[in-house]
Amino acid sequence: MTTMREKGIHTFYTSFGKISAVKENGVIKAKSIRYARSERFKKPQPIDYVYSHEIPDKTPVCPQNVSPLLDRLIQKTDVEMFVPEESTQFLTVTCPEHFNDDEKLPVIVWIHGGSYEIGCGDLPTSDPSVWVKEQHIIVVSVSYRLGLFGFLGGDEDRPANLGLYDIIAALKWIKKYIRDFGGDPENITLFGQSSGGDAIAHLMISEGVEGLFKRAIIHSAPLGFRNRRQSMSLEFFRKTNGLKDESDPLKMVEGYERFLPSFRKYGLKTSMPFCTQYGYPPLCREEESLEKWKENAVQYDVLIGSNQDETAFYVKTAQKGLYTYLPHSILNKIVRKTTASIYEKPAKIFAENHAAGGGNIYQFTIQSTLKDNYIGASHCVDLPLIFENKEAWKSAELLKDVPWEYIQENGRKLRALWAEFARTGKISEHSERPEILKLRKV
């Protein structure tokens with residue numbers, strides 16, 4: 001690998017082409033590199049030709065609706081920063097500004113959340129720059145198809161799990177080319193939050209991933225939503241059949257929302273209408289999943305866990321509806337019960353099953369130690385801890401009762417622990433722990 005350095009610009013001359021990157025804040029960021037291409041409802045095809053990559057003006061994202069909830073709780077979406085792109089196979093590589101050409105740095109692959117419906121890999125609220133600079137690691141942030149385009153299917157014309165195939169294509173690209181950026185292709189850890197964590201759990205039992213990663217960090221995966229989804233998915237698939245030939249992808253996204261109220265009969269899982277689908281490649285049947293995880297356990301070191309008050313994100317921040325009229329004591333009971341059923345108990349089953357298969361696994365809980373924090377350790381509160389970016393998080397309602405110094409202090413310790421796991425697959429008993437963390441080896 002050879003490089004040309006200018007103020008603010010870094011050029012990688014890689015085995016697949018010339019890559020222009022931004023150099024800032026002690027890191028080098030090669031943004032929105034295309035790792036594959038796809039046609040609508042087709043599997044991704046790898047990029048196998050040499051090309052010249054320039055720094056993009058806007059971030060490509062899968063067509064999606066803006067979420068008023070996330071706008072309010074996390075960060076208001078600046079739509080001018082993004083451009084809709086149906087073939088959403090892009091990744092961003094963030095590496096330390098100072099590294100030797102012969103170094104082999106640990107690689108962490110970020111799989112974003114968003115209920116398989118919204119988001120992208122490259123957001124200000126998931127900027128890994130501080131983590132990369134502190135721990136001398138590489139973070140690769142992956143975007144993939146979402147919603148109708150990536151996570152709803154049922155026949156040959158509209159296959160299921162295309163978003164999973166996108167992530168697999170990204171992992172193959174990373175395995176092949178990350179050495180050009182100073183990364184170690186033999187030390188790759190997947191890190192995902194919410195549906196991103198759920199995707200990683202299912203990649204562990206997917207066909208075609210052998211040797212692509214060796215560790216998994218799974219935050220807040222809603223594994224309680226993974227079972228018995230077939231009837232809802234099939235009904236959703238059939239109702240959206242009339243949208244499949246719509247030329248404008250944004251109209252497709254607008255169109256499917258009118259069907260969502262009819263799915264309330266399926267209970268809580270209706271809140272995540274898109275998901276991985278068992279019984280379709282690259283996944284096994286649902287009844288085979290636990291045994292498959294046990295069989296594959298020795299292949300992967302795993303760190304899995306959730307936040308103490310996950311569902312407070314939805315229950316305690318509602319601006320209208322039943323929750324706004326209930327007393328705090330009742331809301332707390334709802335939060336505790338739903339957090340346990342959607343996140344904690346399924347993670348415990350997953351961890352014990354992985355350990356029974358001979359796998360190395362740790363389980364954690366992130367809690368709030370602040371007395372006056374009404375929302376507590378809710379869904380997404382772990383993100384600013386890992387992705388410290390004060391500017392991006394400054395207006396987040398999620399953190400309105402949380403001093404930024406609290407985020408910084410606990411986040412620095414948490415990032416060090418998670419980087420230790422990514423390097424070695426272990427967390428030493430002697431490593432410093434943040435006060436917000438409960439951690440045990442299963």
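The model is predicted.

**Stop 1: two helices**

Select helix H8, residues 289-296, and helix H10, residues 328-356. Their axes come within 7 Å and cross at roughly 45°. That angle makes H8 oblique to H10. The crossing of H8 past H10 is right-handed.

Now show side chains. From H8, pick Leu290, Trp293 and Lys294. They meet Ile349, Phe350, Asn353 and Ala356 of H10. By class, this contact has five nonpolar residues, one polar and one charged.

**Stop 2: aromatic pairs**

Turn to the rings. The structure holds 23 aromatic pairs. Start with tryptophan 110 and phenylalanine 191. Their ring centres are 5.0 Å apart, with 50° between the planes, a tilted pair. Tryptophan 110 sits in strand E10 (residues 105-111) and phenylalanine 191 in strand E12 (residues 183-193), so the pair ties together parts 81 residues apart in sequence. Are these two residues buried or exposed? Both tryptophan 110 and phenylalanine 191 are buried.

Next, select phenylalanine 236 and phenylalanine 274. This pair is also tilted: 5.1 Å centre to centre, 45° between the planes. Phenylalanine 236 belongs to helix H6 (residues 230-239), while phenylalanine 274 is in the loop between helix H7 (249-256) and H8, so the pair links parts 38 residues apart in sequence. Phenylalanine 236 and phenylalanine 274 are both buried.

**Stop 3: an aromatic cluster**

Finish with five residues: Phe12, Phe16, Trp173, Tyr177 and Phe181. Together they form one aromatic cluster.

Note on methods
Residues numbered from 1 in each chain as written. Predicted model: local features only at pLDDT ≥ 70, side-chain atom pairs only at ≥ 80, totals over all residues. Heavy atoms only, no water. Axes fitted to C-alpha atoms, helices over the stretch in contact; angles between N-to-C directions. Helix = DSSP H or I, 4+ residues; strand = E, 2+ residues; numbered from the N terminus. Parallel < 35°, antiparallel > 145°, perpendicular 65-115°, else oblique. Left-handed = near helix turned anticlockwise from the far one by under 90°. Contact = heavy atoms within 4.5 Å. Nonpolar A, V, L, I, M, F, W, Y, C, P; charged D, E, K, R; others polar. Phe/Tyr/Trp six-rings, centres within 6.5 Å; stacked < 30°, edge-to-face > 60°. Buried < 20%, exposed > 50% of the residue type's maximum accessible area, 1.4 Å probe, protein only.
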